[in-house]
Amino acid sequence: MNREKEVLKIEHISKGFDQLNVLDDISLTVHEGEIIVIVGPSGCGKSTLLRCLNGLEAVDDGHVYLGEETVNPSVKNITRIRERIGMVFQSYDLFPHKTILENVTLAPMKVQKRKRAEVNEEAKKLLERVGLSAKMSQYPRQLSGGQKQRAAIVRALIMHPEVLLFDEVTAALDPEMVREVLDVMLDLARQNRTMLIVTHEMAFARAIADRVIFLDGGHIVEDSDPGEFFTLPKTDRARKFLNTFTFDTVNKEI
Amino acid sequence: MFDPKVAEMLLIGTKDTLYMTLVSTLFGYLLGLPFGVILNLTRKNGLHPNKIVYGIGDFICNIVRSIPFLILLILLIPFTRFIVGKSYGSTATIVPLVVCSAPYIARIVESSLNEVDEGVVEAAKAMGASTLQIIFKVLFVEARVSLFTGAVITTGLLLGYSAMSGTVGGGGLGDIAVRYGYYRWQADIMVVTVLLLIVIFQVIQNLGMYFSGRLDHRKKR
């Protein structure tokens, strides 16, 4: 583990859809083992930012680097680069016609051409670690949302990615299931994984983050450590945003 | 009711009909499947959007499908003669059947593939899968129920079309129905051919639905 090592480097990227500027001159460096949580109102460009980082979306301006390599959908070795970046989506996106084990082992076997026996063994270990041993031969429809999302995380982990991207992975889940998924992510944090997490779970963000990025209107409005961000945000905009998560006691009219 | 000669004729007719239907479905898919994949890949939100390629494919597809089969059969006579050597009989009928079914199949394949959840395709992309890997390991696998159902429907359609080709000497049960039932007023033979066609259709459809149910892992059995 080398905390000085730069894993992902984002230099002045901009991205627009039609007339709308979704990302406007964003720069960010992610170091090895660092956990960055990205928060912000909906439509502020959080998901687009993540999608630019593994080349699912092309940037209009600027550069994204994974190590020495440029990340862009149009570069020739983009599939090799994407292998090195794990991504977990809000809607799980497991393959419905494959069992959980097949879902997890497909990419390492087909994309990375690893041996079935070795992949199966690792898949079983990882699935056990997230509490899904009993579900291996079941199909996604037989699992709860939280179980599906845990399987999706394993599916990303087995590729041995250098960095993991989480795009609102608990947004579609019931509170109890949110917890089981977040616990898996906390476990990953303990293993010193490099992670970028987009979430609306503020308590979780505070617990897991090394750095909190507050994104609004396509800009990085704040980039601070979680203790500071959640207690004393530097900007009004961030304060307003954080206030939307607290409620005043209702004083009923008599 | 029938002498052995008629029975034999009906047997040969049934064989010819099955031969035309199955072989033309097979060749139709050899052409139509890649065609449909190309349409899916090059469409607006496809993996490789390409307006020109999609536009041309789309145009060819619509043109061929808008020509009634009977007209296509006649239009293609010189082409059929060039490929098979003659323009009548069951082998010759396969040519227009394939030409007519390929664009139809392409459309069915395209719409089956379009239905695969974009998120699932994106997940595969994010794992570093190449386009070919996505086609074979994700699209075909996830769309297999729909692809298979499409093939069953196509087979049924081609069964009907092969009978239609009987009007121009195409061979098979349709040919018998037209020659005996229509030109010679032998209603009994026509009824039997129609019954045979119904039975064949039922077998294809029911077998197809049985297998497509077995392929489906999304719903409870």
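Student: In what order do the 6 strands of the open sheet in chain A stand?

Tutor: This is a predicted model. The pairing within the open sheet is mixed. Read from one side to the other, the 6 strands of chain A follow the order β6-β7-β8-β3-β9-β10.

Student: Which strands of chain A stand at the edges, each with a single partner strand?

Tutor: A strand with a single partner has one side left without a neighbour in the sheet, so it stands at an edge. In chain A this applies to β6 (85–88) and β10 (219–224).

Student: By how many degrees are neighbouring strands of this sheet turned against each other on average?

Tutor: The angle is taken with direction ignored.

Student: Which residue of β7(A) stands opposite A:Val88?

Tutor: Strand β7 of chain A covers residues 163–167 and is joined to β6(A) by 4 bridges. The two strands run parallel. Opposite A:Val88, the residue in β7(A) is A:Phe166.

Student: Which helix of chain A lies across β6 and β7?

Tutor: The helix in question covers residues 145–157 of chain A. It runs at about 170 degrees to β6(A). This helix is α5.

Student: What is the bridge partner of A:Leu215 in β10(A)?

Tutor: Strand β9 of chain A (residues 211–216) is joined to β10(A) by 5 bridges, and the two run antiparallel. They form a hairpin with 2 residues between them, and A:Gly217 in the turn has a positive phi of about 60 degrees. Within β10(A), the partner of A:Leu215 is A:Ile220.

Student: Why is chain A described as being as compact as a globular protein of its length?

Tutor: Chain A contains 9 helices and 10 strands. For its 254 residues the globule rule gives 18 Å, and chain A is as compact as a globular protein of that length because its radius of gyration is close to this, at 19 Å.

Student: What percentage of the residues in chain A are buried?

Tutor: A residue counts as buried if 20 or more other C-beta atoms lie within 10 Å of its own. Among the 254 residues of chain A, the buried share is 46%.

Student: Which element gives the largest share of the side of chain A that touches chain B?

Tutor: The contact takes 20 residues from chain A and 18 residues from chain B. On the side of chain A, the elements giving two or more residues are α2 (78–83) and α3 (100–110). By class, that side has 10 nonpolar, 4 polar and 6 charged residues. The largest share, 4 residues, comes from α2(A).

Key
Residues are numbered from 1 along each chain as its sequence is written. Chains are lettered from A and ligands numbered from 1 in the order in which they are written. This is a predicted model: local features need pLDDT of at least 70, side-chain atom pairs count only at pLDDT 80 or more; totals for chains, interfaces and linings use all residues. Two strands pair if DSSP finds at least two bridges between them. Axes are lines fitted to C-alpha atoms, for helices over the stretch in contact, and angles run from 0 to 180 degrees between N-to-C directions. Two residues are in contact if their C-beta atoms, placed from the backbone, lie within 7 Å. Ala, Val, Leu, Ile, Met, Phe, Trp, Tyr, Cys and Pro count as nonpolar, Asp, Glu, Lys and Arg as charged, and the others, Gly among them, as polar. The radius of gyration is taken over C-alpha atoms; the globule rule is 2.2 Å times the number of residues to the power 0.38. A residue is buried if 20 or more other C-beta atoms lie within 10 Å of its own, exposed if 12 or fewer, and partly exposed in between; C-beta atoms are placed from the backbone.
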